[in-house]
Amino acid sequence: MTRWRRSARRLDSPLFPSIGIARVARPRDSPCGPARFRAGPMCAGMKRVKKKTEQAGRMRLRIEQAIRAIPRGKVSTYGGVAKIAGYPGAARMVARVLRRGFGLPWQRVLGAGGAIKLTGDSAIEQRLRLEAEGVRFRGRKVDLRAHQYTTSRRKTRSKKTS
């Protein structure tokens, strides 16, 4: 299925007379949509968006692999999992993968600072599962100093000799 998005250009239409809009040169006979129903000035600036399924699939698999690597009794944050997977700043994608994933240890992924971000019965279940694995809490947050998962990869630095 084709997806459409609006580009930076604005509509050139008599429906918006109060807005000063530059006219867009566009041939009137070209279709602007799947069934020619968007032809004309109402579809000015529509561009076809390509799906990036291969890249998104690889990203999802790497995030799932990073989540499965968290051992029992350890936890990580959404941002930490994204960083381990190689996508720093993709914490929302981690949440999306957890929501759609099956068989993942979802209880080992927490919000920033060790807080449980789920609500209702899911939050209670997450806390009970973590306590069953031996994770200690300080109030409502996990003690990250004792239970945070870090990768065992060491970055070697080359020392310059004079």
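Where do Arg-68 and Glu-64 lie, and how many residues apart are they? Both lie in helix α1, 4 residues apart, about one turn of the helix, where helices are DSSP runs of H or I of at least four residues, and strands are runs of E of at least two, numbered from the N terminus.

Before going on, let me say that this is a predicted model, in which local features need pLDDT of at least 70 and side-chain atom pairs count only at pLDDT 80 or more, while totals for chains, interfaces and linings use all residues. Residues are numbered from 1 along each chain as its sequence is written, and side-chain values use heavy atoms, with hydrogens and water left out.

The side chains of Arg-68 and Glu-64 form a salt bridge at 3.7 Å, N to O, the rule being a side-chain nitrogen of Lys or Arg within 4 Å of a carboxyl oxygen of Asp or Glu. Glu-64 also meets Arg-60 in a salt bridge, at 3.1 Å. Glu-64 counts as buried because its relative accessibility is 12%, whereas Arg-68, at 46%, counts as partly exposed; buried means under 20% relative accessible area, exposed over 50%, and partly exposed in between, with a 1.4 Å probe and protein chains only.

Asp-143 and Arg-138 form another salt bridge, with the closest N and O atoms 3.7 Å apart. Shared partners join Arg-60, Glu-64 and Arg-68 into one network.

Turning to strand β3, residues 76-77, we find Ser-76, which is buried at 1% relative accessibility. Leaving aside residues up to four places away in sequence, Ser-76 touches Ile-70, Val-81, Arg-108, Val-109 and Leu-110, contact meaning heavy atoms within 4.5 Å.
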